[in-house]
Structures are given as structure tokens and as C-alpha cells.
Amino acid sequence: MEPWLAAHLPVLDLALDAVRAVQRAAARTGRRAGAADPAVLDLALLDPARVDPARVAAGFASDRVLALDGQPVQGFAPLSGFFATSDGWVRTHANYPHHRARLTALAGLPDDADRPAFAERLTELSAQDLEDRAADAGAIVARVRTEQEWRESAPGRAAASGPLVRTRVRGPATGTGARPPGGAPLAGVRVLDLTRVIAGPVATRTLALLGADVLRVDPPEPAEISWQHLDTGQGKRSAVLDLREARDRRTAQDLLDAADVLVTGYRPGAIEAFGLRVPPRTVTGRVSAWGDAGPWSGRRGFDSIVQAASGIALLEGRDGTPGALPAQALDHASGYLLAAGIVDAVALRSDDGLGRDVAVSLARTAVWLLDLPGRDPVHPAAATASAGGTVTHGGVTTARPVLPGYADYPHPAHPWGTDAPGWRPLPG
């Protein structure tokens, strides 16, 4: 077999298991629906062996196979990455303008500082002090730790607790919860997507692949990174609402009242802080960096940051210099796990009418990866994705769906923020 996603840690095993979790959930839903549609029957009878490792590897490395007019994209901004400090290493994230501004301010530099100037400045500072002050300032910095340091720390112990996918029942039941009839597993299911970056959008893109009407809603500022939306926006529509405006808040509440599923990357209580009310019958999905327990529960983070803090970066590096996994695997795996949990919650609601809260965290997924057997410290270089794992529409080349039976998503990503904030008519 080609060394797909080859790394010190068993990334391909993590990826295959996460994808099969969605596959099993979709199959359960197809069986419950009892539909005669061939697509549902085929999906319900899928053999896990039909999951293609090459397609999964391309999907997990989607930012690396993405090409615009034949040219690859630059995944990280100049001030994102590993930097040596006076006493170790840190990893930063500055892809969004507001994160960059907070980071340069943290370092005492002008906002237009370039990477060499930023790197030189950080050699004068302490890694732990940078991490602590960044958390207070809303900047994104993690001190690079060993695996043992992470496992023995309070946030590391919290990250290792509980199931990979947490599901909590909300009630009381309001109505039967029955779904409108349709062919695909999630036909007639409306999903309000309030997520960004990778994990949440991967989850909602998967729900769209399974037939859901997914409407992504963003604030007008900051705009989503354009290439990132092309990478994870397939099958969805994209609208903009400013929740600081009363009219847009009313529109958002109308959308929420008619939604079956709400998916967010916000901290608990953030939706309610805007004055919005989540109906009891709604299934909610939430992805976070560090989970809802422990001292880092409210802290910001991204896949690369979790890799650095959890010991993964040093395992994937060499001679004490940190490295990275061959894909944003924590993001993608968490997204597929979240999608699986949501699919199951929607199916259960069709029986009992109860809303459910489904949650995953990148840090818990990181512990899953660290706990998997099969480490390979002398692994070969990760194989390049094959052409069969990609599809091109116009000048945009993206990864194909990882679920077997699907050659492509329902449609390429719509231009960001160009759709009306409303639901499509229900089937039938």
C-alpha cells in the first residue's frame, strides 16, 4: 500500500476510523428510513472495506491538494508557524487579520512586522509567558510540549476524559420529530452552519453530501479566507448576517426556528448572548479546540496549535525541532466524528422528538491519535494524493468526498456570502 498520510503516529488509521463512523451512522439512518431509493439502500449496505485509503488521504489533506488555476494555495500566513523562543518553541496562528494584529501587539511589534523580525523578537521571550499572555489577549500561541508534559498537565488530563463524541439529550420533547420523506439519508433536514476554518465546515459539508439543506451564515467581518471556503464549502449555500443589527437577528432567529440542526464553533452561551434562542427540538453540534472541561475550556485554538501543545509536534519533528502531521488530521477527523454524532441524533429525534447536543474537541481527538497503536518513527514520506482523489470545476481543484458511493459533492462551493438567508422548500 502507498504510504498515505505516513507519519510517526498512525494518521491513516485515525482517518479511516473517523470516516467509517460517518459511514455507519448514515447506514443506520438509511435502515431506519426504510426507503426504497437505491442511493439510500446502497449507502445502508456499504461494506467498511469500500472506504478508499487514497481518497481518504486526499480528503484529509484537502488544503494541500486544493489548486486554483493549477496553482497550490499557501495554507498558512507568514506569522503562522513554529518559532524558537529563549527557552523552547511556540506555534502561532495568524491566518485571520485580527489574530495577526493581536500577535504582533503581544510581541511589541508594529502590525506590519515581517516573519524575520517577528522570529527575532520571539527569541528574546519565554515560551510559557507568550502562551499565557496570548490567552489573555485573544492571540493564538501554544508552547510546544512533550507528550508526557501534556498528559500530566491539567488541560491534558481534561482533554483525555470522556468519549470522543459527547451527546446530551435536551428536552422536553416537542412533537414527533418526524422528518419529511426523501431519498438521501438527510433529505429534508435543514442545517444552520455557523462554523469556520476546517472541522465544523467539514462536518456540515458531510451533512450536505448526505442530502441536508445546509446554509452557512457568517458575519460580514472578518470575511472568510477565500481559498478556505472553496476547500470546505461544497454542497452548501453561504449567506451573511450581522447579528449586531436587529433586523438580521430576527432573520437569524427565523432560520433557527425552522432548522433541524445548528452547528457552531462558538463557546457555550455565545448564541444566547446575541439574543437568539435555540428551540428545544433542535439538534446542536459544536466543535471546540480544548473541550468543555478543564482550565483551557474557553481558550481559542486550531489543529496546528493542538498538535503543538499535545506533544504531537515533537513526535513528528526531528532532533528536538517540532514538525507537523501530513494533514490537518485533528480537524478533519473531528469534523467527521461530529457529522456522525449529528446524523445519529437526527435519526433518534425522528423517534422521540428530543433535541440533542453533540460535541467534539480537537484535543480529545488528539488523545485518540496518541493512544492508537502502530507508531512508526522511521516512516517514509507521505504519498502525494492521486489524481483520482480530486475533482476540478472551472479553475478550482478540490478533494473528492471521502465516503464511498459519492464521486462528487452536490455542487462546488458558492461564492462566499452571496446566497439569500433562507431555506429551500422541503421535498414533497
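This note sets out numbered points on the predicted model above.

1. Basis of the note. The model is predicted, so to speak of local features a pLDDT of at least 70 is needed, side-chain atom pairs count only at pLDDT 80 or more, and totals for chains, interfaces and linings use all residues. Residues are numbered from 1 along each chain as its sequence is written, and side-chain values use heavy atoms, with hydrogens and water left out.

2. Helices (H or I, at least four residues) and strands (E, at least two) are DSSP runs, numbered from the N terminus. Two strands pair if DSSP finds at least two bridges between them. Strand β3 (residues 81–85) pairs with strand β4 (residues 88–92) in the antiparallel sense, over five bridges. The two form a hairpin, with two residues between β3 and β4. Within this pairing, glycine 81 stands opposite threonine 92 of β4. On β4 there is also an antiparallel pairing with strand β5 (residues 141–143), over three bridges.

3. Arginine 91. The bridge partner of arginine 91 in β5 is alanine 142. A charge sits over a ring if NZ of Lys or CZ of Arg is within 6 Å of the ring centre and within 35 degrees of the ring normal. The charged end of arginine 91 sits over the ring of phenylalanine 76, at 5.0 Å from its centre. Arginine 91 also lies over the face of phenylalanine 82, 4.5 Å from the ring centre.

4. Rings of Phe, Tyr and Trp (its six-membered ring) pair if their centres lie within 6.5 Å; planes under 30 degrees apart count as stacked, over 60 as edge-to-face and the rest as tilted. By this rule there are five aromatic pairs. One of them is the tilted pair of tryptophan 150 and tryptophan 296, with 5.6 Å from centre to centre and 50 degrees between the planes. This pair links distant parts of the chain, 146 residues apart: tryptophan 150 is in helix α8 (residues 147–152), and tryptophan 296 is in the loop between β11 and α14 (303–310). Tryptophan 290 and tryptophan 296 form an edge-to-face pair, because their ring centres are 4.8 Å apart and their planes stand at 80 degrees.

5. Buried means under 20% relative accessible area, exposed over 50%, and partly exposed in between (1.4 Å probe, protein chains only). Tryptophan 150 counts as buried because its relative accessibility is 2%. Tryptophan 290 is buried at 5%, and tryptophan 296 is buried at 8%.

6. Nonpolar cores. A nonpolar core is a set of buried Ala, Val, Leu, Ile, Met, Phe, Trp, Tyr and Cys residues joined through side-chain atoms within 4.5 Å. The largest has 89 residues, and Phe60, Leu207, Trp290 and Ile342 have the most contacts inside it. Helix α16 (residues 329–352) gives the most to this core, namely 12 residues. A second, separate core of 16 residues includes Leu194, Leu215, Leu256 and Leu276.

7. Threonine 284. This residue is in strand β11 (residues 283–288). Threonine 284 counts as buried because its relative accessibility is 14%. Contact means heavy atoms within 4.5 Å. Not counting residues up to four places away in sequence, threonine 284 touches Arg170, Leu262, Val278, Arg356, Asp357 and Val358.

8. Salt bridges. A salt bridge is a side-chain nitrogen of Lys or Arg within 4 Å of a carboxyl oxygen of Asp or Glu. The whole structure has 23 of them. In one, arginine 28 joins aspartate 344, with the closest N and O atoms 2.7 Å apart. Here arginine 28 in helix α1 (residues 11–33) and aspartate 344 in helix α16 are 316 residues apart. Arginine 28 is partly exposed at 37% relative accessible area, and aspartate 344 is partly exposed at 23%.

9. A buried salt-bridge pair. Aspartate 193 and lysine 236 meet in a salt bridge of 3.4 Å, N to O. Aspartate 193 lies in strand β7 (residues 190–194) and lysine 236 in the loop between α11 (226–232) and β9 (237–240), so the pair ties together parts that are 43 residues apart in sequence. Aspartate 193 is buried at 0% relative accessibility, and lysine 236 is buried at 3%.

10. A network. Salt bridges also link Glu147, Arg151, Asp371 and Arg375 in a network.
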